[in-house]
Amino acid sequence: MLKLQNSLFLLSLLCFCFVFIIDASVHEYNGEKFVSKGNAFVVHGGSEGIYSSFPDPHNVTATGGDSYIRFEKITFRRPKEFANFSSRSIQAIVFEVEDRETIGGSAYGGQRAVCCTADLAKLGVCSEGEVILRPSTENPSWPKVFGISFDGDDEVATLPSKSIQITKSGMYNLYFIHCDLNLKDLIVEGKTVWKNPTGYLPGRMAPLMNFCGFMSLAFVILGIFWFLQYARFWREVLPLQNCITLVITLGMLEMTLWYFDYAEFNESGIRPVGITMWAVTFSTIKRTISRIIILMVSMGYGVVRPTLGGLTSKVIMLGATFFLASEVLELVENVGAVSDLSGKARLFLVLPVAILDAFFILWIFTSLSATLNKLQVFFL
C-alpha cells in the first residue's frame, strides 16, 4: 500500500511538472543547445506533416495560401569567451522528407558527412566547413536555407523574420546546423509557427479531430440506447453491467475531451495542457477498467463464482500498475506534444505497458481456460 501511495505521489508530481511544459504548433526554443551529430552541430527545430493549400502545386496563385512555416525572433547566442573569434554561417534548413538525401554527402563512397570535408572540397562539390546542400530534383528552390553569422565580436545574432509558403503536401523537417567548433556551445532561442490550411494541427493529428467528433456522437447514441435498456431492466442488472455502464460513460467523456483538445489546438496553435491531461486520464482509466472487466469475466465472476476471493487484491494491483504505467506514457506522448515524430523517451516508457498488456492477455486466456473446464464439469 505504501508503494502504491508513493507511485501516486510521483505521478501527481509528474503531472504538476507537465503543466509548465507548454508547447504548441508554435515550436518554441528556450535556450536549446546544439548537439554534435557526425561532423556537424545540430538542433532539431520540428517535424510536421503539412498539407498544401494549393490544389495544383504548380499554380501558386490558387486560392488559399495559408500553409506556411514562419520564423519569429530566432536568436543565436554564443559564450562571451568565443565572441572574439570569427564564425562561419549558421543555417536554418527546411526540407521535405523526400529531399533528405540532398543534405550531406560522402567522398569516394565513404562515411556520409553533413559538413563539407577536405576530400569533398577537393572534388569541388562544396566549400570546406560549410553544410553540404544540393537542390531538389523535383523543385530546385528546395530545400529552403536561411543563413546568418555573427558580426565582429557580437554575442547575439538574430535571424530576420521569414515565412515559407508550403505548396506541396508532405512531411517537413527543420534543422538548425553549423560546422564551427568555436560555436559548439551555441544556443538558439525564439519560435517557429507551423500552419496547415485548416488550422494549426499537425498533419498526423488533423484527421483525429473529426474522428473524435464522430466517436463522441457514436458514444452518445450507444449511451442513450444502453441507459434506456438499463432503466427498463434495472431489477435484473448484474454488477458487471454496472462496470460496462462506467466504461461507456468514460468513453463518451474521453472522446469529447480529445475533440475539444484538438479543436482548441487547431484554433489557437497552443496545446491546451489541462484538457489534454484530463483526456489522457479518462482514456487510461477506461482502458484499465476494460481490461479488468475482461479478466474478471474470464475468471468466471458472475458465472461460476460470486466473488474473486483472494484474487481481488492481485487484480487491483495489476490494474493500478497498468494505470500508472499507461498514464505516464500517455502524458509524455501527448501533453505539450507538437511534432509528428515521437520522442526517444517513448521507447523506454512503452516497454512496461507492453509487458503489462502481455501479462493481462496471458492471465485472461489462462483464466478463461480454467473457467471453461469448470463449466464442462458442471454440465457433466
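Mentor: Gladly, and keep in mind that this is a predicted model. The axes of H3 and H4 come within 8 Å and cross at roughly 155 degrees.

Trainee: What makes H3 and H4 roughly antiparallel?

Mentor: The crossing angle is roughly 155 degrees, and the label applies to angles over 145. H3 and H4 therefore count as roughly antiparallel to each other. Their crossing is left-handed.

Trainee: Which classes of residue make up the contact of H3 with H4?

Mentor: That contact has 18 nonpolar and 10 polar residues, and no charged ones.

Trainee: Why is Ser216 called buried?

Mentor: Ser216 belongs to helix H3, which covers residues 206–232. Its relative accessibility is 10%, and buried means under 20%, so Ser216 counts as buried.

Trainee: Which residues is Ser216 in contact with, leaving aside its neighbours within four places in sequence?

Mentor: Those are Met255 and Thr256.

Trainee: Now the core. What makes a group of residues a nonpolar core?

Mentor: The members must be buried nonpolar residues joined through side-chain atoms within 4.5 Å. The largest such core here has 27 residues, of which Phe34, Phe71, Phe76 and Phe176 touch the most other members. Among the elements that give it two or more residues are strands E3 (40–50), E4 (68–77) and E9 (170–178). Its largest share, 4 residues, comes from E4.

Trainee: Which residues does Phe76 touch, not counting those up to four places away in sequence?

Mentor: Its contacts include Phe34, Ile90, Ile148, Phe150, Phe176 and Val188, and Glu155 is also one of them.

Trainee: Where does the second core come in, and how many residues does it have?

Mentor: It is a separate core of 21 residues, including Val247, Ile292, Leu356 and Phe360. As background, nonpolar side chains tend to be buried together in soluble globular proteins.

Notes
Residues numbered from 1 in each chain as written. Predicted model: local features only at pLDDT ≥ 70, side-chain atom pairs only at ≥ 80, totals over all residues. Heavy atoms only, no water. Buried < 20%, exposed > 50% of the residue type's maximum accessible area, 1.4 Å probe, protein only. Contact = heavy atoms within 4.5 Å. Axes fitted to C-alpha atoms, helices over the stretch in contact; angles between N-to-C directions. Parallel < 35°, antiparallel > 145°, perpendicular 65-115°, else oblique. Left-handed = near helix turned anticlockwise from the far one by under 90°. Nonpolar A, V, L, I, M, F, W, Y, C, P; charged D, E, K, R; others polar.
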